[in-house]
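Subject: Structure handover

Dear colleague,

I am passing the structure below on to you, and my notes on what was found in it follow directly after. Please read them alongside the coordinates.

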Amino acid sequence: MSDDKTTHFGFKTVSTAEKARHVGQVFHSVAQKYDVMNDLMSLGIHRLWKRYTIEMSGARSGQTILDLAGGTGDLTMKFSRIVGETGKVFLADINSSMLNVGRDKLLDHGYASNIEYVQANAESLPFADNTFDCITIAFGLRNVTDKQKALESMTRVLKPGGRLLVLEFSKPVNPTFEKIYDRYSFSLLPFMGKLVANDSESYQYLAESIRMHPDQNTLKHMMRKAGLDRVDYHNLTGGIVALHRGFKY
Amino acid sequence: MDANRQSLLPTFVTEQLERVANRALHNAPLTRLQLHKLEGKSFGIELQRPHFPLLVSVTRKGLLFQSHWEGSADVSIRGPATALLRQLRQDDTTPAALMRAGIEVDGDQLLAQQFVKVMKDLDIDLESILGDLIGDLAAHQVTEIARTGLDWLGRAGKALLQQSRTFLTEERKVLLTPRQHARFRDDVEALREDTDRLEARLRQLQQHVANRQPLNSRSQKDASSQEDVSP
């Protein structure tokens, strides 16, 4: 990838190489407080969003699942129980700090036998074609430099009949609700980041990156372009978050 | 109206149910042991009135609940919530008993029976749950007080029932004693049998009368034909 290409890092326009470096720094910085901050910022609702994602995954015993940008392993933990001893879950993240926190947490909870940890870039996944029954990427796609390339890479490693689930912040449907949400994101979020994680900049980036992320229909179109069929989405909590689902045939 | 809107309420309810069930299981070692035999199996429970679908999967780390699922469970149990709860209190958990209670079962019947039995025999150690919250010593005191209180309530309830029965049957004579009730029931039974016998006799008599009528009409007919041929 050439360095003269530009992309967004929050509201700033930066070179693609710079974005990868900045995102890396953000997640190295927030890794240790990631779960606490998620609970605080979403009032615990992020657990329901993730739980709904698992329910829509159709995962079952014996399957192979990829939890991409899996961070602290919330989805992996549940998938590990569903696929059982005959299945396998791959927890992948580009960020080593997040992966370490996730691995420690899963081991502490007694999850080990059917989980593999992989440090991987979503744009060029180090897996053979047609490997996974299901891939999930929860709150990770907006941090990827080339989203279209990442979606194509995920489609490649999906088995025919497999499905991709993208859980990501999106655009609230109600305009009044959107204004309240904007106020919350740009005022309260960095303040909480400063207070709890002593890092307001990372949470300022979080708010900005949410605004720069493609809305529901744009992402749906991108998934179709990547080669997925029957793409649909579900708005959760008024569209603050959307779960996109597509199948590979 | 947003057509893509998805409510998280069923997901929330399911999460809470899973939490409560696993917490209860944590303090029910015997049930946990029984559930171990069902590991890897899934049970689709479709409650009606109110409608609430629930998939319960038995995993090595406890129960996993889902409100949305695809494909079929090993066993599907459908029925009104009240009937299902009532069935958990019954001794008979055979497929026939479930059917009589208005509960439909699809899939492995034996597995369904085992699952209902495990749920029925749930032996939750409440003292242990309380111990996690307030400490073992305090939990023991509280459960002892609760147990004594419940015993006293049980005894007081029984005594109150007995005294009320005596007052209403012996003093006020507004209720029957069990002996009077039995006598009345026997009388009703005797009356029913008498009525049945009378009905049978009447039917026999009716039949007899019906059989005699054609004979009479035939003899009348014979008589009239004889009159015709006479010169």
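I begin with the pairing across the two chains in what is a predicted model: β8(A) is joined by 2 bridges to strand β1 (residues 5-6) of chain B, and these two strands run parallel. Within that pairing, Leu236(A) has Gln6(B) as its bridge partner in β1(B).

The contact between the chains involves 17 residues of chain A and 18 residues of chain B. On the side of chain A that touches chain B, at least two residues each are supplied by α3 (45-57), α4 (74-83) and β8 (229-236), and of the elements of chain A it is α3(A) that gives the most, with 5 residues. Sorted by class, that side of chain A has 7 nonpolar, 6 polar and 4 charged residues.

If neighbours within four places in sequence are left aside, Ala122(A) is in contact with Leu68(A), Ala69(A), Ile94(A), Ile137(A), Val144(A), Ala150(A), Ser153(A) and Met154(A). As general background, nonpolar side chains in soluble globular proteins tend to be buried together.

With best regards

Technical notes
Residues numbered from 1 in each chain as written. Chains lettered and ligands numbered in written order. Predicted model: local features only at pLDDT ≥ 70, side-chain atom pairs only at ≥ 80, totals over all residues. Contact = placed C-beta atoms within 7 Å. Helix = DSSP H or I, 4+ residues; strand = E, 2+ residues; numbered from the N terminus. Nonpolar A, V, L, I, M, F, W, Y, C, P; charged D, E, K, R; others polar. Pairing = 2+ DSSP bridges.
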